[in-house]
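This report goes through a structure by its parts: domains, chain contact, sheet, hairpins and helix pairs. Please keep the sequence and the model open while reading.

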Amino acid sequence: MALLKRLAEHDRDVLPFTLDGQPATGLQGDTLLTAVLTRADSLRGSDFSAEPRAGFCLMGACQDCWVKLGDGRRVRACATLLEAGQCVSREPGRTL
Amino acid sequence: MKHSGIVIIGAGPAGIRAAQTLVAYGLQPCLIDESLRGGGQVYRRQPENFTRSAKALYGFEASKAQAVHSTLDRLQADIDYRPQTLVWNAEAQTLDTLHNGVAAQLPYTHLIVATGATDRILPVPGWTLPGVYSLGAAQIALKFQGCAIGERVVFAGSGPLLYLVAYQYAKAGANVAAVLDSSPLSAQTRALPALLGQPATLAKGLYYRGWLTAHGVPVHQGVDLQSIQGDQRVHSVRWRQGEQDKTLDCDAVAFAHALRSETQLADLLGCAFSWSELNRAWLPTRDAFGRSSVEGVYLAGDGAGIMGADAAEMAGELAALTLLSDTGHQVDAARSTALQHKLDAIQRFRHGLETAFPFPQNWAANAPDSLTVCRCEEVSAGEIRQTVEQGHWEINRVKAMCRVGMGRCQGRMCAMAAAEIVAHASGRDVASVGRLRGQAPIKPIPFGVEVAP
């Protein structure tokens with residue numbers, strides 16, 4: 001279920017991407033965080049309890065929105081714009 | 001482009017006005033910014049293909065935001081502007097940067113540090129749940145992405161941003177379930193004399209507040225937020241007001257208690273810090289002209305003490321004028337003096353705001369042992385207290401023992417709260433527990449970085 005709700009700027013080009021291998025779409029100008037959280041409710045699992053996290057500060061400070069891209073890069077979802085064809089995967093986190 | 005040896009870090013209101021001032025005197029500074037399009041957080045710009053008007057995005061501040069943006073746009077031909085560039089280390093005469101996966105070194109002779117601020121967070125149980133964001137984050141979701149953080153949003157905490165963001169959400173068509181202000185109405189009444197010094201700013205604050213009430217948004221004051229509840233995401237908030245416990249269903253919460261300065265680079269540069277009672281924080285010391293304690297390093301904007309966007313514009317210009325004067329340029333001294341007087345007036349207003357939205361002194365005492373304080377390393381208030389019981393009270397020592405503040409965010413989200421808990425548990429005042437030392441890289445950088453030739 002989506003976490004974020006779109007209120008404005010609906011009329012934009014649709015960009016296809018994959019989320020954990022499943023086909024998905026976002027809009028041109030979305031950050032990865034927006035593209036993922038308008039269709040799912042978390043971005044990663046925490047490193048110590050695997051509890052779901054969905055970012056917190058949205059300004060590149062809290063480091064709680066990291067996702068993995070198909071080319072192996074790990075990026076902050078709040079500060080990275082979605083590009084067509086990206087393969088975004090969410091890390092499940094770890095438990096102690 | 002070859003720059004003049006002057007580097008400005010941060011393209012918010014302070015950095016942009018500093019760059020403009022230097023260009024007016026014929027210099028070509030390098031302006032480095034982590035974000036995509038400049039403007040800082042306060043005047044953050046939406047992506048280029050978005051169509052909302054400045055009025056819709058920035059409200060009463062639209063003309064100021066547009067002026068800052070158009071200044072940056074005009075300057076781009078005359079400066080070495082480097083957006084999407086992280087400064088991850090700062091030493092004498094050299095900065096280490098990262099742009100697009102490529103690391104490089106940037107030499108400088110003079111530096112203006114305008115690193116801005118983030119939300120000041122006092123954690124509550126449940127604050128790591130999906131659907132909980134800082135107030136600044138909630139505003140960025142709307143301003144930068146056209147999104148609300150949920151279907152039914154509660155705004156909590158304190159400070160001017162609380163009412164502003166709630167108002168912006170309601171105005172944009174979001175469902176604002178409630179505003180929960182930790183400060184009592186009596187505090188705001190007491191602050192009125194000081195706030196009257198900036199009547200326009202006071203009027204805006206009262207307008208947001210009044211608008212929310214007129215549009216049926218419940219506003220509660222003197223609220224002690226107890227917890228955010230939910231399993232995999234938020235389903236309700238619980239708070240105490242007087243003797244009463246209350247619960248409200250919601251699927252998102254935005255909270256913060258005003259702002260905190262981003263000081264890591266000033267620290268790595270060796271700037272002296274002093275305790276600011278007003279900010280309840282250790283801040284890099286700046287003189288009335290914007291000089292730090294390190295020769296050639298200047299400080300401007302919220303990164304050296306929270307004063308807001310208008311003050312940041314003035315402080316950016318003032319720091320640039322001081323730099324020019326220190327390097328032998330003939331500058332308009334009357335302009336410097338006028339800027340200092342205006343900054344003094346804003347500082348007095350800031351004292352009023354602190355009275356109106358007082359820091360919740362009982363927060364540390366009331367934080368339960370089970371509360372997660374450090375969200376990176378998942379260190380609880382109880383674990384911090386145990387560390388204090390073992391005899392540790394200096395914040396870096398506490399970090400070494402229990403890992404609070406040692407995670408990816410380097411304490412940006414938790415260090416202030418951790419210091420409050422250490423101070424309370426050790427019976428010291430919060431100033432004396434110290435501040436976390438900055439460490440390079442100040443933000444995570446990838447292992448396989450390419451190094452620029």
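The sections below describe the model part by part.

## Basis of the model

The model is predicted: local features need pLDDT of at least 70, side-chain atom pairs count only at pLDDT 80 or more, and totals for chains, interfaces and linings use all residues. Residues are numbered from 1 along each chain as its sequence is written, and chains are lettered from A and ligands numbered from 1 in the order in which they are written.

## Domains of chain B

Chain B is split into domain 1 (6-118 + 260-329), domain 2 (121-257) and domain 3 (363-433); the bounds come from an automatic or database domain assignment. The centres of domain 1 and domain 2 of chain B, taken over C-alpha atoms, are 29 Å apart.

Between these two domains, eight residues of domain 1 of chain B are in contact with seven residues of domain 2 of chain B. Contact here means that the C-beta atoms of two residues, placed from the backbone, lie within 7 Å. The domain 1 side of this contact has three nonpolar, four polar and one charged residues. In these classes, Ala, Val, Leu, Ile, Met, Phe, Trp, Tyr, Cys and Pro count as nonpolar, Asp, Glu, Lys and Arg as charged, and the others, Gly among them, as polar.

## Contact between chains A and B

The contact between the chains takes 33 residues from chain A and 40 residues from chain B. On the side of chain A that touches chain B, β1 (5-6) and β5 (52-53) of chain A each supply at least two residues. The residues of this side divide into 13 nonpolar, 10 polar and 10 charged.

A strand pairing also links the chains: β1(A) pairs with strand β10 (residues 147-148) of chain B in the antiparallel sense over two bridges. Strands are DSSP runs (E, at least two residues) and helices are DSSP runs (H or I, at least four residues), numbered from the N terminus; two strands pair if DSSP finds at least two bridges between them. A:Arg6 has B:Cys147 as its bridge partner in β10(B).

## The parallel sheet of chain B

In chain B, five strands form an open sheet in the order β3-β2-β1-β7-β21, with parallel pairing. Its edge strands, each pairing on one side only, are β3 (80-82) and β21 (297-299) of chain B. Neighbouring strands are turned by 15° against each other on average, direction ignored. Angles run from 0 to 180 degrees between N-to-C directions, and axes are lines fitted to C-alpha atoms, for helices over the stretch in contact.

Strand β2 (residues 30-32) of chain B is joined to β3(B) by three bridges, and B:Leu31 has B:Tyr81 as its bridge partner in β3(B). Helix α1 (residues 13-24) of chain B packs on the sheet and touches β1 (6-9), β2 and β7 (110-113) of chain B; the direction of this helix makes about 160° with that of β1(B).

## Hairpins

In chain B, strands β4 (residues 85-91) and β5 (residues 94-99) pair in the antiparallel sense over six bridges, with B:His99 in β5(B) as the bridge partner of B:Thr85. Two residues lie between these strands, and B:Gln93 takes a positive phi near 70°. β5(B) also pairs in the antiparallel sense with strand β6 (residues 102-107) of chain B, over six bridges, and B:Leu98 stands opposite B:Ala103. That hairpin has two residues between the strands, and B:Asn100 takes a positive phi near 55°.

In chain A, six bridges join the antiparallel strands β2 (residues 14-19) and β3 (residues 22-27), and A:Leu19 stands opposite A:Gln22. The hairpin has two residues between its strands, and A:Asp20 in the turn has a positive phi of about 50°. β2(A) also pairs in the parallel sense with strand β8 (residues 87-89) of chain A over two bridges.

## Helix pairs of chain B

Helix α6 (residues 185-195) and helix α10 (residues 333-356) of chain B pack at about 175°, with their axes 7 Å apart. The two helices α6(B) and α10(B) are therefore roughly antiparallel. Angles under 35 degrees count as roughly parallel, over 145 as roughly antiparallel, 65 to 115 as roughly perpendicular and the rest as oblique. Residues in this contact include B:Ala187 and B:Leu195 of α6(B) and B:Phe349 and B:Ala356 of α10(B).

Helix α12 (residues 381-389) and helix α13 (residues 395-402) of chain B pack at about 115°, with their axes 10 Å apart; α12(B) and α13(B) are therefore roughly perpendicular. The contact is made by B:Glu383, B:Ile384 and B:Thr387 of α12(B) and B:Val398, B:Met401 and B:Cys402 of α13(B). By class, this contact has four nonpolar, one polar and one charged residues.
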